[in-house]
Amino acid sequence: MLLKHQAQKDISLYINGEFTKSISGTMFNNVNPFTNEVINQVAEGRSGDIEQAVKAAKQAFVEGPWKTMKVKKRLAYINRIADLIDEEVENIAYLESLDTGLPISQTRKMVSRASENFRFYARMVESRLVGETYQVDDEFINYTIHQPVGVAGLITPWNAPFMLETWKVAPALATGNTVVLKPAELSPLTANKLAEIIHKAELPKGVFNIVHGFGETAGAALVKHPDVTLISFTGETITGSTIMKNGADTLKRFSMELGGKSPIIVFDDADLDRALDACVWGIYSFNGERCTANSRLFLHENIKEKFIAALKQRVANIKVGDPLAEETQVGPLIHKEHWEKVKGYLEIAKEEGAEVITGEIPASLQKGNFVSPTIILNVDNNMRVAQEEIFGPVLTVLTFKEEADVIKMANDVKYGLAGYVWTNDIKRGHRVAHQVDSGMLWVNAQNVRDLRTPFGGSKHSGIGREGGHYSFEFYTEQKIIHVAIGEHHIPQFGK
Ligand code: NAD
């Protein structure tokens with residue numbers, strides 16, 4: 001049964017346990033990327049609303065029971081949120097697809113991952129939020145403890161909204177911080193659902209707050225606020241750098257998850273069928289709006305003709321369509337402006353002398369922001385389409401002869417988020433993985449994540465790591481306590 005594109009009720013802010021209008025009363029339109037019709041209106045928070053949300057979060061942190069309650073009790077809340085998400089997977093997946101254009105078959109999996117984010121961090125806090133002790137002869141026992149940091153400002157993008165919001169909210173709350181979330185203005189529906197769920201889970205007032213609104217106003221006010229201790233940001237590299245400048249005066253602690261232009265390197269001894277599956281999924285899933293997308297394919301000269309022929313066939317068969325239809329593999333891009341940007345890159349590619357292979361969008365889909373899955377051939381590594389993040393269903397293809405050359409080309413880019421290597425030579429697999437500059441590498445694999453492992457990028461793709469116990473370094477303050485257990489020497493000035 002095909003789900004319908006239906007208008008939704010308007011969305012408020014969520015501050016101090018209450019759904020509320022913005023101070024100015026201003027609303028902005030939230031648009032469906034499949035029809036370009038308005039889905040609903042969203043309360044536009046600005047600096048005054050951020051002020052109220054931060055005040056509530058600070059009060060809940062300083063006075064409230066959240067950071068001081070027994071850990072078991074706090075984690076019971078976290079698990080309750082996970083249960084409530086699971087009860088609504090279908091509905092949340094529907095809202096996510098309606099809002100973002102991501103195919104429903106993919107948003108369902110993202111929502112399941114979102115509840116696992118909460119369960120996972122409940123388990124991690126219980127089992128891994130542990131300190132260390134350092135015995136110093138018979139004189140001292142030194143030990144570390146972890147304490148929550150304070151008010152966490154979380155700023156998220158639109159490309160996998162619910163999954164990325166929960167990826168930050170879960171560790172922030174589980175470790176005892178209070179939260180102000182500023183979700184992307186282009187995808188507010190499921191963020192609002194998260195507020196409803198947290199409300200239903202009856203977290204103490206002020207522990208979790210949402211301010212919808214634009215980056216330059218609501219987001220910037222959150223970053224500059226002196227009572228916000230840390231900012232976890234996921235989004236474009238250029239926004240990350242603006243945020244770091246804006247947060248400098250208040251000495252913010254930052255986690256930065258930024259853009260990518262990740263290579264997939266296929267050697268001539270690889271399992272080509274599996275490499276092809278992984279390559280096609282890795283760039284065209286999530287409509288190509290995926291930070292870890294393998295947007296640069298490097299093919300060994302010996303296999304390029306065979307691989308490109310198979311690639312063309314597969315790409316031509318990808319099912320483009322209504323994001324709410326079960327069979328859809330690629331849906332419309334988030335917004336007209338982003339659609340124009342991605343289409344613009346196809347023109348740039350032609351101007352630069354590359355060959356653009358793309359399909360026609362049928363008349364029935366003309367209202368939506370569709371870009372047909374595209375392959376760009378005859379690419380030189382210096383071209384803009386090989387260097388810049390396009391963030392759409394567009395794959396650039398390059399070729400190589402020697403291992404050393406492909407490593408050089410793979411690294412000759414400002415980003416360093418992910419990388420994928422395909423070869424059946426075990427030594428080469430490790431060797432290349434070690435040499436490609438990126439935070440995360442997969443060998444003979446698509447992007448399968450183990451939540452215990454560190455997630456993050458190098459170079460212009462990010463600063464810091466989240467995931468597993470790595471998130472604790474960011475979301476908690478580690479304190480060292482030195483305890484004298486003997487009669488150590490104390491200088492006796494003035495005696
Ligand atoms: P964006 O940078 O435009 O916006 C992200 C968020 O930042 C939004 O909520 C926006 O309102 C806010 N924002 C914008 N300007 C701000 C400012 N001056 N101060 C505070 N907040 C501000 O990013 P986007 O277009 O929503 O997302 C796509 C980008 O995100 C891509 O570059 C993608 O690679 C990246 N991304 C990275 C990861 C990762 O883990 N590394 C994951 C997903 C997406």
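1. Quick definition before anything else: on a 1 Å grid over the protein atoms alone, a pocket is an open set of points with protein on both sides within 12 Å along at least five of seven lines, while a cavity is a set where a 1.4 Å probe fits but cannot get out; lining residues have an atom within 4 Å of a point. A molecule sits in one of these if more than half of its atoms lie within 2 Å of its grid points. By that test, the ligand sits in the largest pocket.

2. Bear in mind that this is a predicted model, with local features needing pLDDT of at least 70, side-chain atom pairs pLDDT 80 or more, and totals for chains, interfaces and linings using all residues. Residues are numbered from 1 along each chain as its sequence is written, and side-chain values use heavy atoms, without hydrogens or water.

3. Around the ligand there are 29 residues, and Lys 182, Glu 185, Thr 239, Leu 258 and Glu 389 come nearest (the cut-off is a heavy atom within 4 Å).

4. For polar contacts (N or O pairs within 3.5 Å), look at the ligand's oxygen atoms: a polar side-chain atom of Trp 158 is 2.9 Å from one, and a polar backbone atom of Glu 236 also lies 2.9 Å from a ligand oxygen. For Gly 215, a backbone N or O atom is 3.3 Å from a ligand oxygen.

5. As for cover, the protein hides 93% of the 850 Å² of accessible area that the ligand has on its own (Shrake-Rupley, 1.4 Å probe).

Key. A polar contact is a pair of N or O atoms within 3.5 Å; within protein, one must be able to donate a hydrogen and the other to accept it, and residues adjacent in sequence count only if both atoms are side-chain atoms.
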